Amino acid sequence: MTEAFPSLPDSSTRTGVPPTTGLLLTGGGARAAYQVGVLEAIAHLRRSCGRGHEPNPFPILTGTSAGALNACALACGADHFDLTVRRMAHLWSHLHAENVYRADALSMLRSGARWLSLLSLGWALTRWRTLRPRSLLDNAPLASLLQTDLVPLERLPEVIAGGHLRALAVTASSYTSGEHVTFYETQAELQPWVRSQRRAIGGHITHAHLLASSAIPFIFPATALEIGNHTEYFGDGSMRQTAPLAPAIHLGADRVLVIGAGRMQGAQESPPRSATASYPTLAQIAGHTLSNIFLDALALDVERARRINGTLALIPPDVRARSNLRPLELLVIAPSQRLDGIAARHVADLPRSMRSLLGALGVTTDANDVRGAGLASYLLFEPGYIRELMALGRRDTLAQREEVMRFFQWDQPAPAAAERRVAAACA
């Protein structure tokens with residue numbers, strides 16, 4: 001779905017300068033594999049339109065949670081967009097749970113089983129400090145993955161200095177202050193912005209920022225970050241995120257491509273209602289909570305941007321030209337299928353110890369049982385599930401081919417044979 005008002009061109013268009021494009025990648029754990037499929041299809045369409053030689057199509061990159069990892073991976077390879085997307089696709093499609101969190105039986109006993117024991121035996125046991133696990137899972141393998149394969153942040157200053165990237169931003173939520181914080185690194189000096197319960201901090205982005213942004217509450221441990229002269233503990237950036245589009249706008253984007261991690265167009269992630277409902281399991285409650293954290297704010301912010309665009313369309317062009325007001329062109333690509341339904345078919349792919357842990361919460365390996373699959377959909381870092389999400393991302397993007405090319409102002413790919421080759425490559 002796009003938001004554009006040709007009668008109200010933005011300031012960039014009036015001066016003959018192409019609009020600046022931002023990319024917003026949302027959170028969602030393993031669901032972020034869908035984003036990589038979308039990027040693959042965009043890279044294919046870009047080449048089919050003869051634009052493969054052009055610079056990075058996203059000079060402004062913003063991300064939250066697992067989307068922050070993908071945004072940073074793109075940023076570090078912004079000087080070779082197509083190659084970077086291929087590398088991301090290869091790495092994601094070969095991921096396993098143990099590459100992201102410790103999934104062996106001993107680690108499950110040290111973290112997950114102990115956490116569940118506290119739930120079953122009572123919180124009085126917490127008087128023993130040794131029984132106070134920090135999270136359900138240990139994401140130490142993810143820290144290693146980021147540094148060795150996915151996000152070579154040492155390249156970022158070079159890429160920015162070379163003009164391949166204007167700005168990168170990742171968001172995290174402070175357990176210490178209660179604020180939602182956007183960390184950004186830019187080509188030019190930018191005054192940090194401050195709003196109610198959220199603010200921005202400029203500087204170098206590190207792997208610690210990414211671990212903080214992607215620390216799903218309860219599931220992964222909080223990360224300590226130095227803020228000024230003190231330390232704060234941060235968790236997933238999707239928490240308390242009231243304006244997901246704001247960082248891209250503050251960083252100067254005139255149009256934003258948003259890639260979601262759940263259905264947004266009037267469809268809910270929860271299973272269809274049935275005549276007889278049973279009491280929800282802990283997995284159902286956890287999945288519902290995570291959907292609220294990861295999905296709801298984005299849908300509301302997109303709806304708000306549409307209303308603002310509609311209001312601006314009512315203002316006479318000459319009046320609008322004398323103000324700083326401008327419409328924001330949006331293209332939203334989100335899953336056309338319920339991802340918890342896909343996850344239900346792949347729960348059995350998880351390591352046995354992880355299946356046991358999730359089973360205690362109400363997640364089953366029955367491919368038709370989607371009640372607890374919502375929780376599993378965020379943790380299913382296994383090739384079968386990931387590749388299915390990537391394939392869905394490619395299909396959904398090609399289904400919006402005309403909108404994508406109109407958004408980027410690309411010419412229609414000419415010969416039908418070329419289109420067939422693109423479709424075959426993305427199948």
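1. A quick definition to start: helices here are DSSP runs of H or I with at least four residues, numbered from the N terminus. Keep in mind, too, that this is a predicted model.

2. How many cavities of 30 Å³ or more does a search of the whole structure find? The search turns up four. The largest cavity comes out at a volume of about 150 Å³.

3. What surrounds that largest cavity? Its lining has 15 residues, and those nearest the centre are Ala-66, Leu-69, Val-100, Leu-142 and Phe-381. Helix 7 gives the most to this lining, with three residues. Helix 3 (66-76), helix 4 (81-93) and helix 7 (140-150) each put in at least two. By class, the lining splits into 12 nonpolar and three polar residues, with no charged ones.

4. Now for the annotation. An unreviewed UniProt entry lists Ser-65 and Asp-236 under "active site". They are spread over 172 residues of sequence, yet they cluster in space, with a largest C-alpha distance of 5.6 Å. Of these residues, Ser-65 is included in the lining of the largest cavity.

5. Where does Ser-65 sit? Look in the loop between strand 3 (60-64) and helix 3. Its relative accessible area is 1%, so Ser-65 is buried, the cut-off being under 20%. Leaving out residues up to four places away in sequence, Ser-65 touches Gly-27, Gly-28, Ser-213, Ser-214, Asp-236, Ser-238 and Phe-294.

6. Asp-236 belongs to strand 9 (residues 230-236). Is Asp-236 buried or exposed? Buried, because its relative accessibility is 0%. With residues up to four places away in sequence again not counted, the contacts of Asp-236 include Ser-65, Ser-173, Ala-212, Pro-217 and Phe-294. Ser-213 and Ser-214 are also among the residues that Asp-236 touches, and both turn up in the contacts of Ser-65 as well.

7. In soluble globular proteins, nonpolar side chains tend to be buried together. The largest nonpolar core here has 104 residues, and Tyr-101 and Leu-257 touch the most other members. Helix 3 supplies the largest share of this core, nine residues. There's also a second, separate core of 19 residues, with Tyr-184, Trp-193, Ala-248 and Leu-330 among them.

8. One last stop is Leu-257. Not counting residues up to four places away in sequence, Leu-257 has contacts that include Leu-23, Ile-42, Phe-58, Ile-333 and Phe-407.

Technical notes. Residues are numbered from 1 along each chain as its sequence is written. This is a predicted model: local features need pLDDT of at least 70, side-chain atom pairs count only at pLDDT 80 or more; totals for chains, interfaces and linings use all residues. Side-chain values use heavy atoms; hydrogens and water are left out. On a 1 Å grid over the protein atoms alone, a cavity is a set of points where a 1.4 Å probe fits but cannot get out, and a pocket is an open set with protein on both sides within 12 Å along at least five of seven lines; lining residues have an atom within 4 Å of a point. Grid points are joined across faces, edges and corners, and a volume is the space filled by probe spheres set on the points. Ala, Val, Leu, Ile, Met, Phe, Trp, Tyr, Cys and Pro count as nonpolar, Asp, Glu, Lys and Arg as charged, and the others, Gly among them, as polar. UniProt positions are given in the numbering used here, feature names are shortened, and annotations may be inferred rather than shown by experiment. Buried means under 20% relative accessible area, exposed over 50%, partly exposed in between (1.4 Å probe, protein chains only). Contact means heavy atoms within 4.5 Å. A nonpolar core is a set of buried Ala, Val, Leu, Ile, Met, Phe, Trp, Tyr and Cys residues joined through side-chain atoms within 4.5 Å.
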